[in-house]
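Student: Hi! Could you walk me through this one? I'd like to hear about the contacts.
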Amino acid sequence: MENTMITKQPLAEAMPVKRYQASIKAWCMDVLLWSYSFLVLYKLGYQSWWLDLRHVDFFWSEPLYSLLVGGLVASVLSYTKASVGKACYGLIAFDEGRSLFRTASVRLGLLFLLLTFIAGLQISQVSMREFFSDSGLAGAQRIFTALLNPNFAIFEDALFAAVETVYMAFIATALAIPVAFVLAFFAARNLMKNSALSFAIYAVLRFLMNLTRSIEPLVWAIIFSVWVGIGPFSGMLALFLHSVASLTKLYSEQIEAIQDGPVEAMTATGAHPIQVIWYGVVPQVVLPYLSYTIYRWDINVRMATVIGLVGGGGIGTMLMQYQGLARWNDVGMLVIVIAAIVWLMDYASAKIRAHLK
Amino acid sequence: MTLLRSEHLCKTYPNGTQALNQINFSVEEGEFLVVIGLSGSGKSTLLRCINQLHPVSSGAIHFEQQRLDQLQGRALRQQRSRIGMIFQQFNLIPRKSVLTNVLAGALASTPIWKSLLGLYSKEQREQALAYLRIVGLEHKAYVRADNLSGGQQQRVAIARALMQNPKILLADEPVASLDPSTSHSVMKYLQKINRELGVTVICNLHFLSLVRTYASRVLALKDGKIVYQGAPEDIDEQWFTTIYGEEAVEVSIN
């Protein structure tokens, strides 16, 4: 076999074409960064803070102008070393002996970060005055007094609602296991890469699962509460769907991490592919599967309380109702029950998972 | 009688590496053929091309009356079940008992649904225990396979291969992960099944001292080509440097 030496070359000395592409990308990055900064400075710094306008109008011409100005600045600076883009794409050779904070591009990058931080404070309306205002503190005192004096009269109701939540989370997890178990094999790259058809199935499945996972269970609960009506069933469906997507991903990653040896050995005995999976793959993944599944139940209980807020049933729905009526003593009771359950599930699942290792 | 024949066998991996180049050899029934060569010379690829774990690029593999390289699906699995294989890393199923591991050798002759439920017949269980007795591990039948020592695991792997009732046993560097004394013990078991059960063995080895002790015939590979075929006693100093290169020094294992 030919022995080829592969050395990583810094881009500063690399081929001209590569260098050309990189400098275009670096320029685009600089343009975006500078136009972003100008836009933020103009809208938040000038209009909102300096002019102190209550309502700031937005025109689409504004980002266009900032793009123009940003482009100009970036073009001028691209001839100097003060360019974040050039630093990111390795077009500037860093001086090893010098501190990074004395480099123009790094300082510039930090400046962009600082601008974003300040803009974030402004947009989030962070205000110490509100936090420590008299009316604010009085409100805080009122609600904390009520929360710390929970209404024990509703303890039974709260407990039953909590039991509903735990069961709902359990059945969502239990129903998700077999579905995710089967789907995981089709979502595992190492089992599916062999033919074009199987790889297409893999890619489509991965995409659908990522899509399902990226939509919060809260949103699914809203969708299902319209579909099957408000109540634990819609909450269960939301948790089920999300659990299938998550468990499929976790399971398939576990399959991708197995050792090939037993699979190869089973294939060599002349076993059918189903037998190869059952004997070569499954024994390697059961324990991690169990561990993930219990963790998932734990997460589902926690999520189920939140899902109740949008009509997914259980203790969350109860919480929403009392909160709407501003009955803070009752809410206090519910918060205690929720905290107790979440703590208990967390403790139990951690204990079980520790023993599974 | 010729059991296995390789004709103009070539193997090129998808990344462009040519692992085997025009390999021609045949194996007679009852032989203990040892394949030697440096790492990367194509020994492992050769064994995996025989039972089609790796598809061949061109050429033919004849096993009895069949062309293994042209078989697919059920027919291929049936022929594979008559070729046992053991590996350098033993490749036992983790977390399963020794007996389950040995029974896995009978998967090809067990209906799928039965094997999924672990329903093996009484004869199969007795046979598995009998093969464990042959490799001296009957008392470990219900121990978890990953709790055994390396040498013991390799003996379980041999029992699993025997469970297939094979005509040929392929052994891919079976002792490379073992210490010297365990190596000899495992090689003795291979010799035993070769002589007493009449199973033909094709074995990849590193140590020439082991080759001289156990091989009935030797095949040497270099850069994917056969550079030597003959009796183990005939490998002299000159052949040694041809196979292993100028700088190699022979080390022995006792």
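Tutor: Happy to! Chain B and chain A bury about 2200 Å² between them, with 64% of it on carbon and sulfur atoms. Keep in mind that this is a predicted model.

Student: How many residues does the contact take from chain B and from chain A?
Tutor: Chain B gives 30 residues and chain A gives 20 residues.

Student: How many salt bridges are there across the interface of chain B and chain A?
Tutor: The rule finds one salt bridge there. The side chains of A:Glu264 and B:Arg48 meet in it, at 2.6 Å from N to O. Between chain B and chain A there are also nine residue pairs in polar contact.

Student: And which element supplies the largest share of the chain B side?
Tutor: That's H4(B), with three residues. As for residue types, the side of chain B that touches chain A divides into 14 nonpolar, ten polar and six charged.

Student: Switching topic: how is chain B divided into domains?
Tutor: Domain 1 covers 1-82 + 167-254, and domain 2 covers 92-165. Their centres, taken over C-alpha atoms, are separated by 25 Å.

Student: What area do domain 1 of chain B and domain 2 of chain B bury between them?
Tutor: About 1100 Å², 72% of it on carbon and sulfur atoms. On the domain 1 side, helix H7 (residues 180-196) of chain B brings the largest share, seven residues.

Student: How many salt bridges and polar contacts between those two domains?
Tutor: The salt bridge count between domain 1 of chain B and domain 2 of chain B is zero, while five residue pairs are in polar contact across their interface.

Notes: Residues numbered from 1 in each chain as written. Chains lettered and ligands numbered in written order. Predicted model: local features only at pLDDT ≥ 70, side-chain atom pairs only at ≥ 80, totals over all residues. Heavy atoms only, no water. Domains from an automatic or database assignment. Buried area = accessible area lost by both parts, 1.4 Å probe. Salt bridge = Lys/Arg side-chain N within 4 Å of Asp/Glu carboxyl O. Polar contact = N/O pair within 3.5 Å; in protein donor to acceptor, adjacent residues only side chain to side chain. Helix = DSSP H or I, 4+ residues; strand = E, 2+ residues; numbered from the N terminus. Contact = heavy atoms within 4.5 Å. Nonpolar A, V, L, I, M, F, W, Y, C, P; charged D, E, K, R; others polar.
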